[in-house]
Amino acid sequence: MNLMPGQNTPVTTTQVSLTLSYTKPAAFRSEIDASAFMLTGAGKVRGDNDFIFYNQPRSADGSVEMTPQPDGCRFTLDLARVDPAIEKIALTLVVDGPDTVANLSALTLNAPGVATFDVPLEGRSEKALIVAQFYRHQGNWKVRALGQGFNGGLAPLAMNFGVDVADEPAAPVAAPAPTVSLEKKLQEKAPHLVNLAKSITVSLTKHKLEQTRAKVAFVLDASGSMARQFKSGNVQAVLERIAALAVQFDDDGAMDVWGFGEKFKKYDDVTLDNLGGYVERIQKSGKKSMWELLPGLGGVNNEPPVMEDVINTFKDSKEPVYVVFITDGGINKTKAIKDAIRRSSHHPIFWKFVGLGGSNYGILEQLDDFTDRLLDNSDFFPIDDFRTLSDERLYDLLLVEFAGWIAMAKGKGIL
């Protein structure tokens, strides 16, 4: 199967032998380095032993091995031996010298019996590529063609995956500042949330997002089946945790908020000044029928219209936009939701869909297989019982894949 960028296919064997081959024109003056990174679900290595490169060509467990070849590199994967903690294996290529990947004549990944991938090179300016990724999906392995550009050389690429590069300068002294700043802001205006600062900062650091600036939006399912989540206070609690994150991501600390049922409405931005009792206030903002949780929105869920309004609001943003979309399921408008996600992939918008104590999440549970878009701009995770989920785990789930999307969006010129 010949894959296109973003496309994936199942891997039906545990023994995979593949080659990453390139053609260099006569004027090419640089060296080529291939490598592999064994990554956890957070997209990071557990330690330097999970970085497979020319000085360390074999993983400790023998599941990944690389062998340099003329004009290429061979990787041998024994997927049955990969540690259960490893969720992904990223295959990368770096140009070490004055050239960029666009100066190569060709770059091909070939895994006989699995797939081939001819990486598009024309017009590119990067010196590094994440070529493809093997990853676990519902108990099996799949491979996704990426061709994702990455600025910088091997050291920045390795650091992006969490490798401790010895020759790199130490982190700036100012790096811990977000902890102090966030704690101070929460202490002054929302002291009951100050304990969230540490969890937020730890997760931001883990995902290399501590210096990221982004707009944050919150989209809330207000269909009738969400009544228990509203009544128990879970909706307000989730809103508070996202608002605290927005304080860190956005200099003005304001977060756009939408509610939706059959219809939708954009409410006043959430800030630390109006956060207390916010959900109760919007519930009392007008007359509502017995089937409505928010006035005038109706009692059934209809996601596409509110998604389109979010896209139209942020499509010209100069900053990344991080949208947290809360729902308890009952998703059935698959085509329209796909169309909205597809359209938004051309804009600086990342969707984090969160299932809150529900079921039948439909297309949201299948986003990993949705490749008919410019780039992967969404992620989903369910929470069966919000009250049993630690803040540390919640922020880890919220932030996973966001940094990777930012890198891909920059490579596509979206950011």
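**Exercise 1. Identify what covers the buried residues of α9 in this predicted model.**

Solution. 
Step 1. Look around the helix for covering elements. Among the helices, the cover includes α3 (196–206), α5 (234–249) and α10 (402–411).
Step 2. D391, L394, Y395, D396, L397, L398 and L399 are buried in α9.

**Exercise 2. Explain why α9 is described as largely enclosed by the rest of the structure.**

Solution. 
Step 1. Recall the cut-off: buried means under 20% relative accessible area.
Step 2. Apply it to residues 391–399. Of the 9 residues of α9, 7 are buried, so the helix is largely enclosed by the rest of the structure.
Step 3. Check what comes after the helix. E401 follows α9, and its phi is positive, near 80 degrees.

**Exercise 3. Describe the largest cavity and its lining.**

Solution. 
Step 1. Start with the cavities. The structure holds 3 of 30 Å³ or more. The largest has a volume of about 190 Å³.
Step 2. Find the centre. Of the 18 lining residues, G6, L146, L374, L375 and M408 are the closest to it.
Step 3. Assign the lining to elements. β12 (140–150) and α10 each supply at least two residues. β12 gives the most, with 6 residues.
Step 4. The lining divides into 7 nonpolar, 6 polar and 5 charged residues.
Step 5. Assign the lining to domains. Domain 1 (7–161) and domain 2 (179–412) each contribute at least three residues.

How values were computed. Residues are numbered from 1 along each chain as its sequence is written. This is a predicted model: local features need pLDDT of at least 70, side-chain atom pairs count only at pLDDT 80 or more; totals for chains, interfaces and linings use all residues. Side-chain values use heavy atoms; hydrogens and water are left out. Buried means under 20% relative accessible area, exposed over 50%, partly exposed in between (1.4 Å probe, protein chains only). Helices (H or I, at least four residues) and strands (E, at least two) are DSSP runs, numbered from the N terminus. Contact means heavy atoms within 4.5 Å. On a 1 Å grid over the protein atoms alone, a cavity is a set of points where a 1.4 Å probe fits but cannot get out, and a pocket is an open set with protein on both sides within 12 Å along at least five of seven lines; lining residues have an atom within 4 Å of a point. Grid points are joined across faces, edges and corners, and a volume is the space filled by probe spheres set on the points. Ala, Val, Leu, Ile, Met, Phe, Trp, Tyr, Cys and Pro count as nonpolar, Asp, Glu, Lys and Arg as charged, and the others, Gly among them, as polar. Domain bounds come from an automatic or database domain assignment.
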